[in-house]
Amino acid sequence: MTPDNSLEGDIQSPLEIDIHERETIEIELLLEGIHRLYGYDFRNYAMPSLRRRIWHSVHAENLHTVSSLQEKVLHDRACFDRLVYNLSIPVTEMFRDPELFKTFRKKVIPILRTYPYIRIWHAGCSTGEEVYSMAIMLYEEGLYDKARIYATDMNDRSLAQAKEGIFNIQKMQLYTKNYMASGGTRSFSEYYTAKYDSVIFQPFLRKNMIFAEHNLATDGSFNEFNVIFCRNVMIYFDDKLRNHVHKLFHESLNHFGVLVLGSKESIHFTDFADCYEPMDMTEKIYRKIK
């Protein structure tokens, strides 16, 4: 009888298993050291994405192992700052996924009109493009003067850029296209001034913004909100951390408050799924009902 060799390609050799286990231990020790020394908790981030970004940092620091990165991170604050910037994944754009903003204008703005005061939290705001997008939309809808936008991120480098409101001029063509597709009612260029290779957004857009460091993994609730935006953040978390963050959001939203997750995420399969009713299933916009 000819032996069945169909599974040979799926069987790891003892050496391969040893290498994988060693790498996992190194990563766990790195994350534990970061948490104990600096207070940043990446221990419940999804491992595949975490592994890729850690190895990117290993190579960027001209090192060869995760253990060597751990040694440098624990003794060099600048190296730690670079690693955190890499792990916090600062990827965003203005009016990103325009259909979501269009849906928000149609389904959520009418609700916000009934409130005497509006508090909105952008959790994991990165470099602030989404925050300025919200400010522009509220301004066009006549709601900005009674609104406060709280923009938080764990990355102080990203927050510093967000506070300045300065962005690359080469991105304005894409941002203008997004703005128009989202239902924008004016000329997008009215909202910024071009200077050399950058643009700076008008100061009036920043007057009701509050920027602060906040770590979703370790920090608690700090206010009660009518709306919470958290998009493309929890896709990097494991189930335990995702549930922790949803608990935080549930505690932070007032009754009938709106949670905006975007099309890539969902509240299903969390402990808080039955606490919300869907306002838009495509864009994953939910309203807290209990």
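Here are a few questions and answers about the predicted model shown above.

User: How many aromatic pairs does the structure hold?

Analyst: Happy to start there. Two rings pair if their centres lie within 6.5 Å. The number of aromatic pairs in the structure is 26.

User: Is Phe 80 buried or exposed?

Analyst: The cut-off for buried is under 20% relative accessible area. Phe 80 has 1% relative accessibility, so Phe 80 counts as buried.

User: Which residue lies over the face of Tyr 85?

Analyst: A charge over a ring can come from Lys or Arg. Here the distance from the ring centre of Tyr 85 is 3.8 Å. The residue is Arg 157.

User: Is Asn 62 buried or exposed?

Analyst: Asn 62 lies in the loop between H2 and helix H3, and has a positive phi near 60 degrees. Most residues other than glycine have a negative phi. The relative accessibility of Asn 62 is 65%, and the cut-off is over 50%, so Asn 62 counts as exposed.

User: What is the relative accessible area of Lys 284?

Analyst: Lys 284 also has a positive phi, near 55 degrees. Lys 284 is found in the loop between strand E9 and strand E10. Lys 284 is buried, with a relative accessible area of 15%.

Technical notes
Residues numbered from 1 in each chain as written. Predicted model: local features only at pLDDT ≥ 70, side-chain atom pairs only at ≥ 80, totals over all residues. Heavy atoms only, no water. Phe/Tyr/Trp six-rings, centres within 6.5 Å; stacked < 30°, edge-to-face > 60°. Buried < 20%, exposed > 50% of the residue type's maximum accessible area, 1.4 Å probe, protein only. Lys NZ or Arg CZ within 6 Å of the ring centre and 35° of its normal. Helix = DSSP H or I, 4+ residues; strand = E, 2+ residues; numbered from the N terminus.
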